[in-house]
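This report describes a protein chain, with attention to its charged side chains and its helices. The sequence and structure are shown below.

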Amino acid sequence: MPTERTALPLPAQRPAHRDGNVLRWLAAYTVSHIGNSVWFVALGWSAQRVASPAEVGLVMAAGALPRALLMLPGGVLADRYDPRRLLLGSDALRCALVLAAAAAVTWTTPALWLLVAVALVFGALDAFFVPAVGAVPARITGPDQLARVAGLRALSMRLSQIAGPPAGGLAMGLGGAGAAFATAGALFALSLPLLASLRVRPLPAPEGQRPARRTVRGDLLDGLRYTRRHPLIGPLVAAGAVAELGLTNTFNVGMVLLNAERGWGPSGYGWIIGCFGAGAASGAALLAVAGRLPRAGLTLPWTLLAMCAGAATVALVPDLWTAAAVAAVSGLCAGVFGGLSNALIQTAADPAHLGRVTSVLMLMMVGLGPLGYPVAGAAIGAWGAAPVFVGCGLFSGIGVLVLLASAEVRRAELPRATARPAAPPVARVPAD
C-alpha cells in the first residue's frame, strides 16, 4: 500500500509592517526621536532664561560640533559591534543626562556653561546613536522589505517632528523647563525595553577567512573608501549632500526671511513649513504602504528636480496659499526621494559597512547643510529672497545631474518581495 511523504513549505519573510521585531525597532526609534524634539525645546527655553539671543544660538549649536567629529567613529563602532547595544547604551546615557538636566533646571538657575556642557555631551551621544540606527534594518528584516522599512522610518521621523515640539511646549507650559527635560528623559527611557527586546541577526563571517584585525582608523578609512568607490552609493551620497546644502538654506533660513519680507508673519511660516512636512509624510507613507516603487533609480532625479523647482518657485508666487501648495508638492517629492535613496543604500550596501555608510551620509547632511546658513542670510539681506531661492534651487539641481550621469543609479531597482514558496508536489513512494 503506498504511503505519502509531504515536504512542508518554508515560512516566508514577514512583511515589515506585520513583523513584531521591526515594529518594536520602529516604536523605539519613534519615541526616541520625539524625545529629541522635546529636548531641543527644553534646551532652547532654558538658555533663553539665562542668556542673550547670541548665546542662545551658541547653546543650540553646541551639540553639532561633537556630533560631526564623532559621527564617523560612531559608524565604525556600529559595524564592529552589535548596533542594538550601541542604541541601548546611547539612549540610556541620553536618558540619564536629560534627567540630570531636569533636576538642575528645577532646583537651580542653570549657568550658561552648564547648558553648553549638556549640549556637548548630548551631541556626542547622538553621534553614536545615528549610525547604529542605520545599521539595524538589514539585520532585522530581508532585503525585499528594506524599502518599506525606509518608508516607515521616514514617516516616523516626519510625524515625530510634528508631535515633538507641541509636546515640549505643553510640558513647558505645565511645569517649566524641568518638566520638558523630564518628558524627554521619560521618552528615552521608554525606548529602552523596546530596544532590549529587539532580535538582531549577527553578520555572517567570511567563508574560509579569519576576521582581519583592524584599527579604528583603518576601519574608518575603509568605510570612506567603500562609500566613495561604490558605483551606486557614491553618487547617491554626493547628490544628497548637494541637495541638502542648497535646499536646507531655503527652508531653514530663507523661509523665515521670506515670510518677513512678504508680511505673511509667523503664521504664514507655520503654514508653509507645515504643508511641506505633511507632503513629506505623505511621500514616506506612500513608500511604506507600497513597499516598492518600480524604476527607483530613474524616479530619484525627477523627484529631486521637482524639489529644486519647488524651492525656486515658492519665493516667486504671489500669495501665501499658493506658496503653501508648492511647499506641499515639494515635500511630497522630498519624502519619496529621501525614502527611495535610503532604501537603495540599505539594499546595495554590504551589511558589514552600513554603520559607516550611514555615518558618512549623515555627516554630509548634518555637517554641510548648516554651512550655507550665514551665506544665505547675507545674500537675502543684499538681494532679496526671490533671487536667492532661485539660486539655491539651481545649485541643488547639480544633484540631479550627478544622478543622471550615473548608469548605476539609472538602472537601480529595489528588490521584489519574496513570494511564499509553493509546496512541492506530493511524492508517492512505493511501500516496502
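Glu-408 pairs with Arg-411 in a salt bridge whose closest N and O atoms are 3.1 Å apart; the term denotes a side-chain nitrogen of Lys or Arg within 4 Å of a carboxyl oxygen of Asp or Glu. Both residues belong to helix α15 (residues 407-411), where three residues, about one turn of the helix, separate them. Helices (H or I, at least four residues) and strands (E, at least two) are DSSP runs, numbered from the N terminus.

Glu-408 is partly exposed, with a relative accessible area of 32%, whereas Arg-411, at 57% relative accessibility, counts as exposed. Buried means under 20% relative accessible area, exposed over 50%, and partly exposed in between (1.4 Å probe, protein chains only).

## Basis of the model

The model is predicted: local features need pLDDT of at least 70 and side-chain atom pairs count only at pLDDT 80 or more, while totals for chains, interfaces and linings use all residues. Residues are numbered from 1 along each chain as its sequence is written, and side-chain values use heavy atoms, with hydrogens and water left out.

## Other salt bridges

The structure holds eight salt bridges. In one of them, the closest N and O atoms of Asp-91 and Arg-94 are 2.6 Å apart. Because these two residues are three residues apart in helix α4 (residues 83-107), about one helical turn separates them.

Arg-356 forms a salt bridge with Asp-222, with 3.2 Å between the closest N and O atoms. Arg-356 lies in helix α12 (residues 354-368) and Asp-222 in helix α7 (residues 216-229), so the pair ties together parts that are 134 residues apart in sequence. At 8% relative accessibility, Arg-356 counts as buried.

## A buried arginine without a partner

Arg-153, in helix α6 (residues 146-196), is buried yet has no salt bridge; Asp-126, the nearest side chain of opposite charge, is 11 Å away. Lys and Arg count as positive and Asp and Glu as negative, with His and the chain ends not counted. Beyond residues up to four places away in sequence, Arg-153 touches Trp-25, Leu-26, Tyr-29, Val-133, Gly-134 and Asn-342 (contact means heavy atoms within 4.5 Å).

## Overall architecture

The protein chain has 15 helices and two strands, and buried residues make up 50% of its 432 residues. Of the contacts with a separation of 6 or more, 88% involve residues 24 or more positions apart.
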